[in-house]
Amino acid sequence: MEYKVYVNNITLLLKQGDITKETTDAIVNAANEQLYHLGGVAAAIAQAAGEQFWIESNTIKHVPTGSSAVTTGGNLPAKYVIHGVGPIWKGGNEKEEELLTSVIQDCLIKADTLQLISIAFPAISTGIYGYPLDLAAKTIINTIKQYTIKLQHIKHIHLVLFSTKDFNEFVSNAKSLLE
Ligand code: AR6
C-alpha cells in the first residue's frame, strides 16, 4: 500500500512496510538517548545492520530528546542511519509536540547537510513511547510540510508505517493537511 503527494517540489511517499528494507540514502531510527537499540524498530534496524552498527552506536554517548545523531547503515541497504530521539508521551503538557517537531527537523537537517537525496522515517514515538497516533501523524506531516521549503538536496521523503492502521491514519492526515 502506497500513497504519494508532492510538497514543495519534494515527493512524500507514505507506505506500509518494514523500514529496514528501505533503499533510501538514509533511514531514521526511533532511538532512545543512549542508542541502546533494544525494542521496536530500533531492535529491528540493529539486527539487520549488524555488529559494526552497534560499535558505532556505542561511541555516541548521549543524544538529547528532540535531536539526532548519524551512524553508517552497516549491512542495511541504506547508507546512513539517522538516530532520532522522540519524546516519551506524558499526557501532552511536557513539550511533546515541540520535541517531536524538533526531532523531525533535526533528522532532515542532518540528511540535507550530508547532501542526501532520500530519507525514510518510521512513526517516531508512537510505539513504546506511547505518543497518540493521530497527534503524531499531524505533527510529523505538518513539520515536513513546513520544513521541506528549506531543504537543498532532499527530493524524496518516505514515511514507512508498520501496520495497516498506522498507514491509514497517516494517509488520512496527509490528505487533509497536504491536498
Ligand atoms: N519498520 C517500520 N516501522 C516499525 C518497524 C519496522 N521494522 N518495527 C516497528 N515499527 P518504536 P518509539 C514501528 O517503539 O515509540 C525502542 O526500544 C512501530 O510499530 O520502535 O519512538 C528504542 O530503543 C511504531 O509505529 O519507537 C527506544 O527506547 C514505530 O515504529 C524506544 O523504543 C515506532 O515505535 C522508542 O520508542
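Helix α1 (residues 40-49) contributes 4 residues to the shell around the ligand, the largest share, where helices (H or I, at least four residues) and strands (E, at least two) are DSSP runs numbered from the N terminus. This is a predicted model, in which local features need pLDDT of at least 70 and side-chain atom pairs count only at pLDDT 80 or more, while totals for chains, interfaces and linings use all residues. Residues are numbered from 1 along each chain as its sequence is written, and side-chain values use heavy atoms, with hydrogens and water left out.

**Ligand shell**
- Among the 20 residues around the ligand, those that come nearest are Asp-18, Val-41, Ser-125, Gly-127 and Ile-128, a residue being near if one of its heavy atoms lies within 4 Å.
- By residue class, the shell holds 11 nonpolar, 7 polar and 2 charged residues, with Gly counted as polar and Asp, Glu, Lys and Arg as charged.

**Polar contacts and cover**
- Oxygen atoms of the ligand make polar contacts (pairs of N or O atoms within 3.5 Å): one lies 2.7 Å from a polar backbone atom of Val-41, and a backbone N or O atom of Ile-128 lies 2.8 Å from an oxygen atom of the ligand.
- In the side chain of Thr-126, an N or O atom is 3.2 Å from a ligand oxygen atom.
- Of the 700 Å² of accessible area that the ligand has on its own, the protein covers 90%, as computed by the Shrake-Rupley method with a 1.4 Å probe.

**Overall fold**
- The chain has 5 helices and 7 strands, which follow the pattern β-β-β-α-α-β-β-α-β-α-β-α along the sequence.
- The C-alpha trace spans about 45 × 35 × 30 Å along its principal axes.

Terms used:
A polar contact is a pair of N or O atoms within 3.5 Å; within protein, one must be able to donate a hydrogen and the other to accept it, and residues adjacent in sequence count only if both atoms are side-chain atoms.
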